[in-house]
Amino acid sequence: MKNEATQPKNPRGLTAKVVRGSGSHVAEQGSVYRSGVSAQSVGSSMLWLGMISLPAGRRTKAHRHEGHETALLMTAGQEIEIWSGSELEQCELVHAGDYLFIPAGVPHVAVNRSTENAEFLGARNDPAANESVVLMPELDNIVT
């Protein structure tokens with residue numbers, strides 16, 4: 001069954017698009033993003049897909065993503081910690097091959113204490129290359 005709400009209003013003239021690897025940028029929260037599919041690259045209206053890395057020995061700032069969910073697959077690296085919850089009270093360990101889901105609005109911090117960069121394939125239901133991030137500096141000192 002088709003979800004009519006997600007079907008293009010005028011599919012004529014639309015074609016598949018190949019996106020070649022592009023440059024990276026450091027996101028506001030501190031991870032490194034390489035966008036693939038986005039509003040800017042292909043005119044996506046509902047989806048972002050790209051690579052995200054967290055360098056060895058680094059962490060993100062405490063933050064949340066208002067209005068969009070994030071799904072990640074850790075593709076390389078040793079182990080990272082994902083701290084989440086209203087007071088960052090929950091810690092989960094993520095390893096290469098693990099999937100990670102972050103619901104919209106959930107505060108979180110990613111910490112890479114290893115000597116290897118952590119790499120992820122990520123998708124979210126916000127097509128902007130520069131996602132909507134809300135920094136939460138009041139939580140930054142909870143995770144050291």
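This is a predicted model: local features need pLDDT of at least 70, side-chain atom pairs count only at pLDDT 80 or more; totals for chains, interfaces and linings use all residues.
**View 1. S44 sits in the loop between α1 (39-42) and β3.** S44 is buried, since its relative accessible area of 16% falls under the 20% mark. Its side chain reaches over to the backbone nitrogen of M46, 3.5 Å away. Setting aside neighbours within four places in sequence, S44 is in contact with V37, S38, A39 and P127.

**View 2. Four residues make a nonpolar patch on the surface.** M46, the residue whose backbone nitrogen S44 reaches, turns up again here. L121 belongs to strand β10. With a relative accessible area of 36%, L121 is partly exposed.

**View 3. The largest nonpolar core has 15 residues.** Look for I80, V94 and F120, the ones that touch the most other members. Zoom in on I80 and, leaving out neighbours within four places in sequence, you'll find contacts with M74, E92, L93, V94, A110, V111, N112, A118 and F120. There's also a second, separate core of 7 residues, with A62, L88, M136 and L139 among them.

**View 4. E119 and R34 form a salt bridge.** A search of the whole structure turns up 4 salt bridges, and this is one of them. The closest N and O atoms here are 3.3 Å apart. E119 is in strand β10 and R34 in strand β2 (residues 32-37), so the pair ties together parts that are 85 residues apart in sequence. E119 counts as buried at 18% relative accessibility, while R34, at 27%, is partly exposed.

**View 5. E81 pairs up with R113 in a salt bridge.** Their side chains meet at 2.7 Å, N to O. This pair also links distant parts of the chain: E81 is in strand β6, R113 is in the loop between β9 (108-111) and β10, and 32 residues separate them. E81 is buried, with a relative accessible area of 14%.

**View 6. E66 and R64 meet in a salt bridge too.** From N to O, the distance is 2.3 Å. E66 counts as partly exposed, at 39% relative accessibility. R64 is partly exposed as well, with a relative accessible area of 22%.

Definitions and conventions
Residues are numbered from 1 along each chain as its sequence is written. Side-chain values use heavy atoms; hydrogens and water are left out. A nonpolar core is a set of buried Ala, Val, Leu, Ile, Met, Phe, Trp, Tyr and Cys residues joined through side-chain atoms within 4.5 Å. Buried means under 20% relative accessible area, exposed over 50%, partly exposed in between (1.4 Å probe, protein chains only). Contact means heavy atoms within 4.5 Å. Helices (H or I, at least four residues) and strands (E, at least two) are DSSP runs, numbered from the N terminus. A polar contact is a pair of N or O atoms within 3.5 Å; within protein, one must be able to donate a hydrogen and the other to accept it, and residues adjacent in sequence count only if both atoms are side-chain atoms. Patches are made of residues with over 30% relative accessible area and no salt bridge: like charges are joined within 9 Å, nonpolar side chains (Val, Leu, Ile, Met, Phe, Trp, Tyr) within 5 Å. Accessible areas come from the Shrake-Rupley method with a 1.4 Å probe; for residues, only the protein chains shown count as cover.
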